[in-house]
Amino acid sequence: MVKPVLHFYDFSQDVVAFSTTRQGGYSEGNYGQFNINCYCGDSAEAIIQNRQALCQLLQIDDRYLLMPHQVHLTEVAVIDDDFLCLAEKERQQRLEGIDAIMTDRTGVCIGVSTADCIPVLLYDGVHHAVCAIHAGWRGTVSRIVEQSIKAMTATYGTNPIDVVAQIGPGISLDSFEVGEEVYEAFAQAGFPMEQISRREAKWHIDLPACNRLQLLAMGVKPEHISVSDVCTYKAHDTFFSARRLGINSGRIFTGIMMKS
C-alpha cells in the first residue's frame, strides 16, 4: 500500500499531529497524490484509498478519522461518545457547516482541510483535549481561533495558559494579495493593520500573524505557539494551493490525535 508523506508537529509524546503533503497517495492531476477531501471534486475511489492509507499509518479505524464540511464560519463541533455512536449519515449532518472540531477522546483523529487557508491545532495537556481549526480570511476576521478556545474552556475547562498551539502551512503575507474590501474587513474587525498588512500594488494580509495574535489575546503563552514557515502558494508542489492550482484541486489535511 502507498504510504502518505506527512509533516509532523511536536506537541507531546501522547499526541500525533501532522499536515499531509501532496505525496504518497492515489489521487491524480491537481488532486495528486494525497487528498481526502470529498468536497473538491476528486475521485471517490481515490479518496477511499487515501483514507485507508492514512488510517493504516495512524493505526485507527476509518470511523475515527473525522473532518468537517467547512463553510468559512465559526461553528465548533464537539466529538464525544454520543457523536461516535451515531450512524455515518448522522455524523455527516453534525459536521456540516463546521469550521472547528474538538475532542477529549483518545484514538480519534480530528482535522481540517485547507489549501491556502490557515489550519490551527490546539492541545490542552491538563484536560487532555485537542482542537483543529480552519481559519480562512473570513474565519480569521470572525476570530474563529478565539471562539474555539472559548468553546474548549466551556466544554473541558481549558485554561489558555495551558494550551499549546501549532499554526500550520498556509498562504504567507508575501503571497496573500487582497482587495480593498478584504483589507477593510480586517480593519473594521479591529486588527492592528500596521502589524498584519503591507501595501504593494495591492494590499497583502498576514493570516498566520492574525491567528497568532488571537492566540495571544486569549492568553496562550508566546512560547507555546509554533508557526509553520511553509507558504502553500510558494510550495504548491509539496502542499496544495487553491490560488495556484484552482479550486478543483486537492486539500491538505491537518490533524491531531491523542494516543493515550
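**Stop 1**

Select residues 177–178 and 203–205 to begin: strand E10 and strand E12 (residues 203–205) are joined by 2 bridges and run antiparallel. Helices (H or I, at least four residues) and strands (E, at least two) are DSSP runs, numbered from the N terminus. This is a predicted model, in which local features need pLDDT of at least 70 and side-chain atom pairs count only at pLDDT 80 or more, while totals for chains, interfaces and linings use all residues. Residues are numbered from 1 along each chain as its sequence is written, and side-chain values use heavy atoms, with hydrogens and water left out.

Now click on Val-178: its bridge partner in E12 is Trp-203. Next, bring in Helix H6 (residues 180–188), which packs on the sheet and touches E10, E11 and E12. Contact here means heavy atoms within 4.5 Å. The direction of H6 makes about 50° with that of E12; axes are lines fitted to C-alpha atoms, for helices over the stretch in contact, and angles run from 0 to 180 degrees between N-to-C directions.

Which order do the strands of this open sheet follow? The 3 strands run E10-E12-E11, with antiparallel pairing. Strand E10 (177–178) and strand E11 (197–199) stand at the edges with a single partner strand each, so one side of each has no neighbour in the sheet. Two strands count as paired if DSSP finds at least two bridges between them.

**Stop 2: salt bridges**

Stay with H6 and select Glu-180 and Arg-199. Their side chains meet in a salt bridge (3.4 Å, N to O). The term means a side-chain nitrogen of Lys or Arg within 4 Å of a carboxyl oxygen of Asp or Glu. This pair links distant parts of the chain: Glu-180 sits in helix H6 and Arg-199 in strand E11, 19 residues apart. Glu-180 is partly exposed, with a relative accessible area of 41%, and Arg-199 is partly exposed at 47%. Buried means under 20% relative accessible area, exposed over 50%, and partly exposed in between (1.4 Å probe, protein chains only).

Asp-174 is in the loop between strand E9 (163–167) and E10, and Lys-234 is in the loop between strand E13 (225–227) and helix H9 (242–245), 60 residues apart.

How many salt bridges does this rule count? The count comes to 8. Another of them joins Asp-81 to Arg-105, with the closest N and O atoms 2.8 Å apart. Asp-81 lies in helix H2 (residues 81–84), and Arg-105 in the loop between strand E5 (100–103) and E6, 24 residues apart. Asp-81 counts as partly exposed at 41% relative accessibility, as does Arg-105 at 26%.

**Stop 3: a six-strand sheet**

Now show the open sheet of 6 strands, in the order E4-E5-E8-E7-E9-E13 with mixed pairing. Its edge strands are strand E4 (76–79) and E13, each of which pairs on one side only. From one strand to the next, the twist averages 15°.

Zoom in on E9 and E13, which pair in the parallel sense over 3 bridges. Here Gln-166 stands opposite Ser-226 in E13. Then select Helix H5 (residues 144–156), which lies across E4, E5, strand E7 (118–124) and strand E8 (129–135) and runs at about 160° to E8.

**Stop 4: a covered strand**

Select strand E14 (residues 252–258). Are its residues mostly buried or exposed? 7 of its 7 residues are buried. Ile-252, Thr-254, Ile-256 and Met-258 point one way, while Phe-253, Gly-255 and Met-257 point the other way.

Look next at the partners of E14. Strand E2 (residues 15–20) is joined to E14 by 5 bridges, running antiparallel, and Phe-18 stands opposite Gly-255. Strand E6 (residues 109–114) also pairs with E14 in the antiparallel sense, over 5 bridges, and Ser-113 stands opposite Phe-253.

**Stop 5: a buried asparagine**

Finish at Asn-50, in helix H1 (residues 44–58). Asn-50 is buried, with a relative accessible area of 0%. Not counting residues up to four places away in sequence, Asn-50 touches Gly-25, Tyr-26, Ser-27, Gln-33, Phe-34, Asn-35 and Ile-36.
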